[in-house]
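Here's a quick briefing to read with the model open beside you.

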Amino acid sequence: MTGRAAGRLVVVGAGPAGLAAAVAAADAGATVTVVDLGQRPGGQYLRQPLVAGVPPARHSRRAETLLGRALAHRRITFLARHQVWWAGTDATPADGAAPPAPGAGPAGGAPAPGAGPHGGTSAPGGVTLRLLGPAGPVTLTAPAVVLAPGGYDRVVPFPGWDLPGVVTAGAAQALAKGQGVLVGRRVLVAGTGPFLLTVAAGLARAGARVAAVVEAAPLRRWARQPRAVVGAPGKLVEAARYLATLRRYGVPVRRGRAVTEVTPDGDGLRATIRRVDAGWRPAGGGTRTARVDAVCVGHGFTPSIELAVALGCATRVDPADGSPVVAVDGLGRSSVPGVLVAGEATGVGGAELAISTGELAGLAAAHRLGLLDDAALARTAAPALRRAAGQRRFAAALHRAYPVPDGWTGWLRPETVLCRCEEVTAGELRGAVRRYGVDDVRALKLVTRIGMGPCQGRVCGRAATCLLAAASGRDQPPEAFANRQIVMPVPLGAVAEEGTPQ
Amino acid sequence: MPPPDAGTAPAGFTITVDGEPVPVRAGQTVAGALLAAGRRTTRFTRFGERPRGVFCGIGVCFDCLVTHNGVPGVRACLEPAAPGDTVRTQHGAGEVRT
C-alpha cells in the first residue's frame, strides 16, 4: 500500500469513538487503518479480556455491535500496541515548532489527494504520524486522520496518592476486566462521578471486598437536573443496576465524603475518610479511617488533546467541566483541514457520545476524502447528530452533578508530592511562586521541573495549573501542559530512525 | 489485531522477579502478574527512593516502570509477560547500582 493512497484514513484510538469513525468511513468506501496502544481493540470502555477464562464485561448493545462490525470489516485493519509519538501535517516545519500556517499548500508539490471539491484546496496535503510498535518504528501518512485518543482518569493529589496500592479507578477496572486481576482483596473506591459505581460494582463481582464507595458529591444535586435525567432513561437504569449490585454485595455508598489522605499501614494502607462540604473543604466531624489493600481513586477524566495540539488544532475550554478540549464543529472537523477529532478529546461525555461523535467524524472524513458528497454527508450524519445532542445534554448534567471544586487544595501538606515523575511537592510549587514570582506554567516547569518527567504533566498538569493559579493570583490556560513536540516519550533511537512506511 | 492465540499459548508459566518465580496466566501483563502475586511496588524513585507501583494502568503515568529483560524504564502495565522473562524492581532511572 502506498503511503498516500486516495481514500485512505488513519484513525488513532480503537475505543468507541475510533471504532465508530472507522466503521462509518469504511462503510463509505475508505480504507482505514486503526492504531492503538492496547493489545486488542476496544479502548477502556470496550476492553476485551487478554486472559482466557476472564468473562467479558457487559456493554451497551450499540457498543458491542460496533466492535463486532469493526473487527469483521474488510476495509479496516488494526495496528495494535503502537504508540503515536509524533504528528505533523505537510505544512508543519520539520521540528514541529510552529503550527501550520493557515492556507499553506502541500509542501511536496504533489496535489493533495484529499483536497477534492469538498476538502478545501488550500489544505495541507496530508498528515504524518510516527509510531513505535513492538517491531520498531512505523510512519503513516494519510490525507485525513481521525484522532480518537480518549482520555485518562483525573485524580486530584492528596497526601499518600503516590503510594503503591493507590491506583486510578480506571486502572482497577482495566486490570479486573482485562486480566482478572484484583488490585487488592479489600479495596476502597473514592473520588467523584458515576464511574466510581461502575468500577466498584465490577470489583465486587470479581471478588474484591469493597469497603465503601466514597463519593464527594451529595446526592441532592441530581434533584436539580430533572430534564437531563428524564431525557436519558437508559442511564438511570444503568445506575440503578450498579447500585443494586453494590447493595447485593453489601457495599455502602458514602456521599459528601472524601479520602483526603492515605498512609502506609503494615502490608496495607490506611485511608482517612472525611466529611466535606460542597466545595470539598473538610466539613468537620465524621472523620474515620479504613484499612484496605488498595484505594481506587477517580475525579472524572482529562481529555487527551496532545496529538491534536501537536498538529496545530485550536483548543477551547469545555464549559461543562473546565477541561481543555479540541475545538471542532458538529462533525468533528478541527481547525486543521484533514484532522478530525472525536470522543473524549472533544469533551468528556462517555462511551455513547463517543460513538456518536466518532460516527460523525468518520462520515466527515469520508466526505473530505471525496467518498461522500454534501448531500450524502447531510443525510448520513443526521441520526448521529440527533443522538449526540441528547447525549451532550446528559453529559453536561453529569458534570454539574459531579464537579471538582478547588477545596482539595486544602488537603495537601507542603510535603505532598504533586508532580509524581519529578517528585516535586506542593510546597515547592508555592515556594516558586513566593520566592521567584513564578506566574505561568512555562516558568513553573523551568524552576521546579513540574510536568517535565515522562508523563509530561498528564497526571499532575491540571492540579498544578489550579494550584499555580491560586498561589499566583493569575488565571492559567488549562491546556498549558498539553503542548509537547514529542507527544509520548520514546527511546532516542526511535527518533533517529526512519519508520517503515505502511 | 488477532486475539491471543488460545490454541498455542501456554495456559500458565512463570517469570522471574528479583530472583523469585512469579506465576503468570497467559495473556497477563507484567503488572498484572506482579499484582496478582501481591507485589505492589515496581520501582523506587530517583530522588526520594520512594516506592511506586501501578497507578493509571493504561500507559500514561510511567509510574509502574520496571527493568524488563535488562531494559530499564519499561511500563509494566503495557508489557505482556512472556515465558522466561526476567523482571527487576527498578531503582531510580534503572542504572546499575553498586
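Take the contacts in chain A (heavy atoms within 4.5 Å) between residues at least 6 apart in sequence: 69% of them join residues at least 24 apart. Keep in mind that this is a predicted model, where local features need pLDDT of at least 70 and side-chain atom pairs count only at pLDDT 80 or more, while totals for chains, interfaces and linings use all residues. Residues are numbered from 1 along each chain as its sequence is written, chains are lettered from A and ligands numbered from 1 in the order in which they are written, and side-chain values use heavy atoms, with hydrogens and water left out.

**Confidence**

- The model scores ipTM 0.91 and pTM 0.91.
- Chain A has a mean pLDDT of 89 (pLDDT is the predictor's confidence in each residue, from 0 to 100), and 89% of its residues reach 70 or more.
- Chain B also averages 89, with 86% of the residues scoring at least 70.
- Watch residues 92-124 of chain A: pLDDT stays under 50 there, and the model has 47 contacts beyond four places in sequence for them.
- In chain B, residues 1-7 stay under 50 as well, with 10 contacts beyond four places in sequence.

**Overall make-up of chain A**

- Chain A has 13 helices and 23 strands; these are DSSP runs numbered from the N terminus, helices being H or I with at least four residues and strands E with at least two.
- Of its 502 residues, 58% are buried, where buried means under 20% relative accessible area, exposed over 50%, and partly exposed in between (1.4 Å probe, protein chains only).

**Cores**

- The largest nonpolar core has 54 residues, and those with the most contacts inside it include A:Phe158, A:Leu188, A:Trp408 and A:Ile450. Such a core is a set of buried Ala, Val, Leu, Ile, Met, Phe, Trp, Tyr and Cys residues joined through side-chain atoms within 4.5 Å.
- Helix α12 (residues 461-472) of chain A gives this core its largest share, five residues.
- Apart from it lies another core, of 45 residues, with A:Val183, A:Phe195, A:Ala201 and B:Ala26 among them.
- Leaving aside neighbours within four places in sequence, A:Trp408 touches A:Val156, A:Pro157, A:Trp280, A:Ala463, A:Cys466 and A:Leu467.

**Helix α4 of chain A**

- Nine of the 11 residues in α4 (195-205) are buried, including A:Phe195, A:Leu196, A:Val199 and A:Leu203.
- Just after that helix, A:Gly207 takes a positive phi of about 110°.

**A:Thr192**

- A:Thr192 sits in strand β10 (residues 186-192) and counts as buried because its relative accessible area is 4%.
- Its side chain makes a polar contact with that of A:Glu215 at 2.5 Å. The term covers a pair of N or O atoms within 3.5 Å; within protein, one must be able to donate a hydrogen and the other to accept it, and residues adjacent in sequence count only if both atoms are side-chain atoms.
- Beyond four places in sequence, A:Thr192 also touches others, among them A:Trp280, A:His299 and A:Tyr402.

- Rings of Phe, Tyr and Trp (its six-membered ring) pair if their centres lie within 6.5 Å; planes under 30 degrees apart count as stacked, over 60 as edge-to-face and the rest as tilted.
- A:Trp161 and B:Phe55 are edge-to-face because their planes stand at 90°, with ring centres 5.7 Å apart.
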